[in-house]
Amino acid sequence: MSNYYQPEIETASREQILALQNERLVKQVQHVWDNVPYYRKKMEEKGLTPADIQGLDDLHKLPFLSKDDLREAYPYGLLGAPIKDCVRIHSTSGTTGKRVVAFYTQHDIDLWEDCCARAIMAAGGTDEDVCQIAYGYGLFTGGSGMHGGSHKVGCLTLPMSSGNTDRQLQFMTDLGATILCCTPSYALYLAESIHERGLRDQIKLKAGIFGAEAWSEEMRHEIEKQLGIKAYDIYGLTETSGPGVAFECSEQTGMHINEDHFIAEIIDPDTGEVLPEGSKGELVFTSITKEAFPLLRYRTKDICILSRKKCSCGRTLVKMSKPMGRSDDMLIVKGVNVFPSQIETVLLEQGYPANYQIIVDRVNHSDTLEVQVEMTPENFSDSLAKINEMEKGLIDALKTMLGIYAKVKLVAPKSIARSEGKAVRIIDKRKI
Ligand code: DLL
């Protein structure tokens, strides 16, 4: 038997959802005011006290929080609960010493797992299912979040973590996995490996829950065709707990946001002005139930559209479109967040100039990252052995910074085209 019940909120009336959000927002603002001096100061700077926030109509008065605030407040500055009440952290792959670290009380974990459970149930998951979790475990939120959700649904949970394709396929076939949770690019890679090994008849998958990176409708069709499953999108970010902030239902036309835990707004990324429903803009979340890491008006930098059109699944929760891009320069490569500034830091630290290009591609459904950088006249060499050695040094330093492999190609001094305006540092060849 499943120990999870589909909460009425998923199909509640608009009035019920708004009433709940109003009540929770007021409480949350007070919680933050009382426990997070960093944000209290931001409110005071705007002349606000909790009494000014009586409900959703006052939300726009609150100051935004951004990734820069999180970095400035690193590591404990935005903690909303005493350490004795916190039981876990997760973190982004972020920059050196300034990663984004999110904290959780046990209550936060329970609610987060509920959100992930909703995603699994929306994909048809029940306690009869065998759920293979091939998102990374550890600091990344994907593995643990979906793992907890799978437990709540009562699925038999396979905690595989990412990578080790042979082992993934062995468990998938031997244990008859019916639901696969991983990044969409890894799903395609697994699909390809299944075909290469002639295992198609031995897999019992019926659904996949894929997210953590952008993926197109074409990619969805490819995954669905190759694996013979229905592929569902799932969205989230470390700052708001992880996966499960929003999830797709059988209609597959956008992701329902768990509005009992998150208030979503769309803003103009340049002016910060709140935009009406249906507008394309930056997604902003206010978490209204989180204790340890309660973020008010957090700017995600993800560009998307919200819609309240009636959904055939019966859920009334607002839907967000697939993110259509970002308002900053963050790249997501193999599910890992990569900022060009991190790469630049490594290059400069290692004595290279800031003349470089980052080339991202998708080969055999897997992301590749290449950094082309100019040698300086001082370290220029045409000895292949010397160049290999220099490239290896950079590959190692980039791996330490980013956590993933980046191919490095050293090129002759002054060979990368200069720009008169903004330098074109990033060439993203992926069709997404
Ligand atoms: O990627 C959490 C997650 C894990 C989501 C597993 C879904 C499944 P971060 O590493 O902090 O957290 O990266 C968050 O990833 O701001 C988006 O830009 C991007 N992203 C997440 N889900 C999607 C998606 C996790 N379904 C950043 N489609 C976010 C497109 C996504 N982009």
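How many helices and strands are there in the chain? Colour by secondary structure and you can look for 10 helices and 19 strands. Keep in mind along the way that this is a predicted model.

**Stop 1: the whole chain**

Start zoomed out. The radius of gyration of the chain is 23 Å, close to the 22 Å that the globule rule gives for 432 residues, so the chain is as compact as a globular protein of that length. Along the principal axes, the C-alpha atoms fill a box of roughly 70 × 60 × 45 Å.

The accessible surface comes to about 18700 Å², and carbon and sulfur atoms hold 52% of that. If you display contacts with a sequence separation of 6 or more, 65% of them come from residues 24 or more positions apart.

Next, colour the charged side chains: you will find 50 positive and 60 negative ones. The centres of these two sets lie 2 Å apart.

**Stop 2: the two domains**

Select residues 1-325 for domain 1, then 331-431 for domain 2, and give each a colour. Taken over C-alpha atoms, the domain centres are separated by 31 Å. Where the domains touch, 19 residues of domain 1 are in contact with 14 residues of domain 2.

**Stop 3: Pro50**

Select Pro50 and show its side chain. This residue sits in the loop that runs between helix 2 (37-45) and helix 3 (67-72). Is Pro50 buried or exposed? Pro50 is buried, because its relative accessible area is 13%, below the 20% cut-off.

For a sense of scale, draw a C-alpha to C-alpha distance from Pro50 to Phe339; the two are 36 Å apart in space and 289 residues apart in sequence.

**Stop 4: helix 8**

Move on to residues 217-227, which form helix 8. Show the side chains of Met219, Arg220, Ile223, Glu224, Gln226 and Leu227, which are buried.

What covers the buried residues of helix 8?

- helix 7 (184-196)
- strand 5 (179-182) and strand 6 (207-211)
- strand 7 (230-237) and strand 8 (242-248)
- strand 16 (356-363)

Finish just past the end of helix 8 by clicking on Gly228, where the backbone takes a positive phi of about 65°.

Key: Residues numbered from 1 in each chain as written. Predicted model: local features only at pLDDT ≥ 70, side-chain atom pairs only at ≥ 80, totals over all residues. Heavy atoms only, no water. Helix = DSSP H or I, 4+ residues; strand = E, 2+ residues; numbered from the N terminus. Rg over C-alpha atoms; globule rule 2.2 N^0.38 Å. Contact = heavy atoms within 4.5 Å. Areas by Shrake-Rupley, 256 points an atom, 1.4 Å probe, with all protein chains shown as cover. Lys, Arg positive; Asp, Glu negative; His and termini not counted. Charge placed at Lys NZ, Arg CZ, Asp CG, Glu CD. Domains from an automatic or database assignment. Buried < 20%, exposed > 50% of the residue type's maximum accessible area, 1.4 Å probe, protein only.
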